[in-house]
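Here is a short tour of one protein model. Have the sequence and the 3D view at hand as you read.

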Amino acid sequence: MLEKDPTSPVSPLAPFPPLPPTESRTRAPEFYGFVAWSSTSLLFALYLLWALLPDQCILALGLTWYPNREWAVLLPAYSIVLVLLTYFTYFALALAGTPAFSDLSTITADSKALFPPPDAPSPYLGHARPNAIPEMYDIPIGLVNRVAYGSRALPDTNVCQDR
């Protein structure tokens with residue numbers, strides 16, 4: 001007979017007492033993080049030197065070619081415009097994917113909506129019979145509007161009309 005590890009009384013699958021953590025942990029993420037941080041800092045320092053030092057100092061360092069200084073302003077400006085366009089694009093895609101207010105899916109978008117079968121008599125009048133317990137259905141929005149607001153037409157609210 002094989003002997004198993006004792007289990008917890010709460011969960012029969014979890015060993016009790018808990019197993020100690022394994023020591024096969026790697027330190028690679030620490031090294032990757034340090035390399036990313038140091039290379040980003042170095043590139044930012046080079047960017048600041050390129051943007052702020054006069055031409056004589058850069059030429060004295062032995063560099064014979066470097067990008068035009070206008071790119072020191074254009075790169076951050078283009079980056080901000082790119083971020084704003086990204087937000088605008090995602091906002092526009094969300095608006096394009098949203099159904100119109102008049103669409104029926106904005107009212108009954110769930111799969112749990114329960115409407116009466118179309119060939120049955122109106123189950124919404126079942127409460128009018130004495131001692132009746134009507135079937136339970138969702139009420140269509142058209143019926144709700146008819147009961148709440150009536151079937152009359154809305155009054156004309158044109159303020160520019162002559163009286």
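## Overall fold

The model is predicted.

How much of the protein chain counts as buried? Of its 163 residues, 4% do. The accessible surface comes to about 15,500 Å². Carbon and sulfur atoms own 67% of that surface. Among contacts in the protein chain with a separation of 6 or more, 14% join residues 24 or more positions apart.

## Two annotated spans

The UniProt entry, which is unreviewed, carries the annotation "transmembrane region". According to that record, the annotation covers residues 31-53 and residues 73-96. Such annotations may be inferred rather than shown by experiment.

The model can be set beside the record. Residues 31-53 are 96% helix and 0% strand. The end C-alpha atoms of that span lie 32 Å apart. Residues 73-96 are 100% helix and 0% strand. There the end C-alpha atoms are 34 Å apart.

## A nonpolar patch

Which residues make the nonpolar surface patch of about 410 Å²? They are Leu 42, Leu 43, Leu 46 and Leu 49. Take Leu 49 as one of them. Leu 49 sits in helix α1, which spans residues 28-52. Its relative accessibility is 44%.

## Aromatic pairs

The count of aromatic pairs comes to four. One of them joins Trp 71 and Tyr 78, whose ring centres are 6.3 Å apart. Why is this pair edge-to-face? The ring planes stand at 65°, and planes over 60 degrees apart count as edge-to-face. The centres also meet the pairing rule, because the limit is 6.5 Å.

Both partners are partly exposed: Trp 71 has a relative accessible area of 36%, and Tyr 78 has 48%. Elsewhere, ring pairs link Phe 44, Tyr 47 and Trp 50 into a cluster.

## Salt bridges

How many salt bridges are there? The count comes to two. One is formed by Arg 27 and Glu 30, with the closest N and O atoms 3.2 Å apart. Arg 27 is exposed, at 53% relative accessible area. Glu 30 is partly exposed, at 48%.

Arg 69 forms a salt bridge with Asp 55. Here the closest N and O atoms are 3.1 Å apart. This pair links distant parts of the chain, 14 residues apart. Arg 69 lies in the loop between α2 (55-60) and α3 (71-96). Asp 55 belongs to helix α2. Both residues are partly exposed: Arg 69 has a relative accessible area of 24%, and Asp 55 has 37%.

## A loop residue

Where is Tyr 137 placed? Tyr 137 is in the loop between α3 and α4, the latter being residues 141-149. Tyr 137 is partly exposed, with a relative accessible area of 24%. Its value is over the 20% limit, so Tyr 137 does not count as buried.

Now look at Leu 114. Tyr 137 and Leu 114 are 23 residues apart along the chain. Their C-alpha atoms are separated by 5.3 Å.

Technical notes
Residues are numbered from 1 along each chain as its sequence is written. This is a predicted model: local features need pLDDT of at least 70, side-chain atom pairs count only at pLDDT 80 or more; totals for chains, interfaces and linings use all residues. Side-chain values use heavy atoms; hydrogens and water are left out. Rings of Phe, Tyr and Trp (its six-membered ring) pair if their centres lie within 6.5 Å; planes under 30 degrees apart count as stacked, over 60 as edge-to-face and the rest as tilted. Buried means under 20% relative accessible area, exposed over 50%, partly exposed in between (1.4 Å probe, protein chains only). Helices (H or I, at least four residues) and strands (E, at least two) are DSSP runs, numbered from the N terminus. Patches are made of residues with over 30% relative accessible area and no salt bridge: like charges are joined within 9 Å, nonpolar side chains (Val, Leu, Ile, Met, Phe, Trp, Tyr) within 5 Å. Accessible areas come from the Shrake-Rupley method with a 1.4 Å probe; for residues, only the protein chains shown count as cover. A salt bridge is a side-chain nitrogen of Lys or Arg within 4 Å of a carboxyl oxygen of Asp or Glu. Contact means heavy atoms within 4.5 Å.
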